[in-house]
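The sequence and the structure come first.

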Amino acid sequence: MGFISTILGFFGFGMGIVIGLVIGYFLFIYVLPTDVKVPDIRPLAEQDTESLQRLLPEIPLWVKNPDYDRLDWLNKMIELMWPYLDKAICKTAKGIVDPIIAEQIPLYKIESVDFQSFTLGTLPPTFPGMKVYITEEKELIMEPVIKWAANPNITVAVKAFGLKATAQVVDLQIFALPRITLKPLVPTFPCFAKIYVSLMEKPHVDFGLKLVGADAMSIPGVYRFVQEIIKDQVANMYLWPKTLEVQILDPSKAMKRPVGILNVTVVRAMKLKKTDLLGLSDPFVKLKIMDDKLSSKKTSVKHKNLNPEWNEEFSFVVKDPETQVLKFSVYDWEQVGSHEKMGVNIVPLKDLTPDEPKVLTLDLLKNLKPDDVQNEKARGQLVLEVMYKAFNDEELANGADESGTVEKAPDGTPEGGGMLVVIVHEGQDLEGKHHTNPSVRLLFRGQERRTKVIKKNRDPRWEEEFQFVLEEPPVNDRIHVEVVSTSKRMGLRHPKEALGYVDVYLADVVNNKRINERYHLIDSKNGRLQIELQWRTAS
């Protein structure tokens, strides 16, 4: 009986399943639910705004809201630059995080925390639109919308108590609406003194966190917990009206406009101390207005001379003669390695009477510390001729600055054309592998011009002018400038060596009439070249 009951039970179970599936199929096919409504189908033109946004959630902001501007140009630029931005951002982030980690790990008895990989991936952030506010204040307010679905690979290895664990951040998504305020606007590059950043709403941050190969964010409750912590922490720090303030310039100094010109002539030095093994020195002078971001200016190098004469003139823009000082330093030029400082001193501009030339004979000091006993040692003297010329009211009203005016082209210049003038001023930190005898070579429209060769000088000064007469403005042209080193010594395998080059586009020269820039040379470690370009016309 037991066997028969088992057989009947088996068949009953099988038949029950079959009968149940058949009944369920017919109910699914032929019985309609009563709570399903017929959809309301209407043309798009008859839909309201909310319905359209639900149907098409990815409509660009500049379509839905006329207050937002398109940023296709910015998205394209970021897309092209992203491989380089990725490396730069990751390098900066590691530079900020590494010291913090090094300071914190001893507190938690952690042996080491290392980044095994750190990249933000191949997908750049996008900006669907940006709103710009116009106010009466000296400020610029922008609200860009940021959407970023990234594929980063950030892997951190933590070692503690002899054990090692790795964590990997993947599938990062960020949606944020920041407000960026640039203020105050100032007449000094980059034209704003501070950046204020705040969030107009809590950001959305989503990411995967893999621990030992498993996604920790898939653990029930962990995802929502981490989301809320991130939103609350970020909101507590930067949600409007709280802001992150980044200072770019000192506003009190950036707002100051030029009020005069300081003309300096480096005349000569006397009784300089010997620094070279052969009992001589190769001195040159570096001058700079302190508390000014403009680069310093240099004289030429006088080889093997302890009483050199220069008679070289320089001009500096002055913004605050009551606080600014002229600092000069005398160096011994070295072909290899850093230059050796021979002495230093300063000239406070408040001690100068406007429009009155003054000859100064100043002792060279070890440093600018007034109580340092090393300054009592004689190091030589430097003779300067200085004159401070204050701008008059008319020059201040016209915004007088360092640029000056451009001369007119000479008679006979083609009508509608002009003269392109290239002035090669000086080079800095030029260094060749086998020799450093620099000269500059200009290539423009098939014409070639060259400066003189200055032997054994990493900081040469040429002050040579070249002219090109043109029948039309060179708005679509560029000039190729390269620095080469040549040597006539017999037996050298490399008698000619390239020290760097730069291509200068001339459209800005035509529009601005004059450009005087210090260019970083391509294919050079630290080399720079100061070139002045002028576009002179007959009118």
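Helices (H or I, at least four residues) and strands (E, at least two) are DSSP runs, numbered from the N terminus. L521 lies in the loop between strand 27 (514-520) and strand 28 (528-536). The model is predicted, with pLDDT of at least 70 needed for local features and 80 or more for side-chain atom pairs, while totals for chains, interfaces and linings use all residues. Residue numbers start from 1 along each chain as its sequence is written, and side-chain values use heavy atoms, leaving out hydrogens and water.

**Chain totals**

The chain holds 8 helices and 28 strands. Of its 539 residues, 37% are buried, where buried means under 20% relative accessible area, exposed over 50%, and partly exposed in between (1.4 Å probe, protein chains only). The accessible surface of the chain is about 34000 Å², and carbon and sulfur atoms account for 57% of this surface. Accessible areas come from the Shrake-Rupley method with a 1.4 Å probe, and for residues only the protein chains shown count as cover. Contact means heavy atoms within 4.5 Å. Of the contacts between residues at least 6 apart in sequence, 66% join residues at least 24 apart.

L521 is buried because its relative accessible area is 5%. Apart from neighbours within four places in sequence, L521 is in contact with L430, V483, L499, G500, Y501, V502, G527, R528 and L529. One of these, V483, is 38 residues from L521 along the chain, with 8.6 Å between the two C-alpha atoms.

Q335 sits in the loop between strand 17 (325-332) and strand 18. Q335 has 34% relative accessibility and therefore counts as partly exposed. When residues up to four places away in sequence are not counted, Q335 touches T436 and R458.

**Salt bridges**

A salt bridge is a side-chain nitrogen of Lys or Arg within 4 Å of a carboxyl oxygen of Asp or Glu. This rule gives a count of 16 salt bridges.

| Pair | N to O distance |
|---|---|
| K183 and E139 | 3.9 Å |
| K298 and D459 | 3.1 Å |
| R514 and E532 | 3.0 Å |

K183 forms a salt bridge with E139. K183 is in strand 8 (residues 178-185) and E139 in the loop between strand 3 (130-133) and strand 4 (140-144), so the pair ties together parts that are 44 residues apart in sequence. K183 is partly exposed, with a relative accessible area of 31%, whereas E139 is buried at 17%.

K298 and D459 meet through their side chains in a second salt bridge from the table. Distant parts of the chain are linked by this pair: K298 belongs to strand 15 (residues 297-298) and D459 to the loop between strand 23 (447-450) and strand 24 (461-470), 161 residues apart. K298 is buried, with a relative accessible area of 6%, and D459 is buried at 3% relative accessibility.

R514 forms a salt bridge with E532. R514 in strand 27 and E532 in strand 28 are 18 residues apart, and the pair links distant parts of the chain. R514 counts as partly exposed at 21% relative accessibility, while E532 is buried, with a relative accessible area of 7%.

A network of salt bridges links E312, E426, R461, E463 and R518.

**Surface patches**

Patches are made of residues with over 30% relative accessible area and no salt bridge; like charges are joined within 9 Å, and nonpolar side chains (Val, Leu, Ile, Met, Phe, Trp, Tyr) within 5 Å. Lys and Arg count as positive and Asp and Glu as negative, with His and the chain ends not counted. The place of a charge is taken as NZ of Lys, CZ of Arg, CG of Asp or CD of Glu.

A patch of positive charge on the surface is made up of K273, K274, K341, K366 and K377. Among them, K341 is in strand 18 (residues 340-348) and counts as partly exposed, at 41% relative accessibility.

W73, M77, L80 and M81 form a nonpolar surface patch, and together have about 440 Å² of accessible area. M81 is placed in helix 4 (residues 72-104), and its relative accessibility of 38% is why M81 counts as partly exposed.
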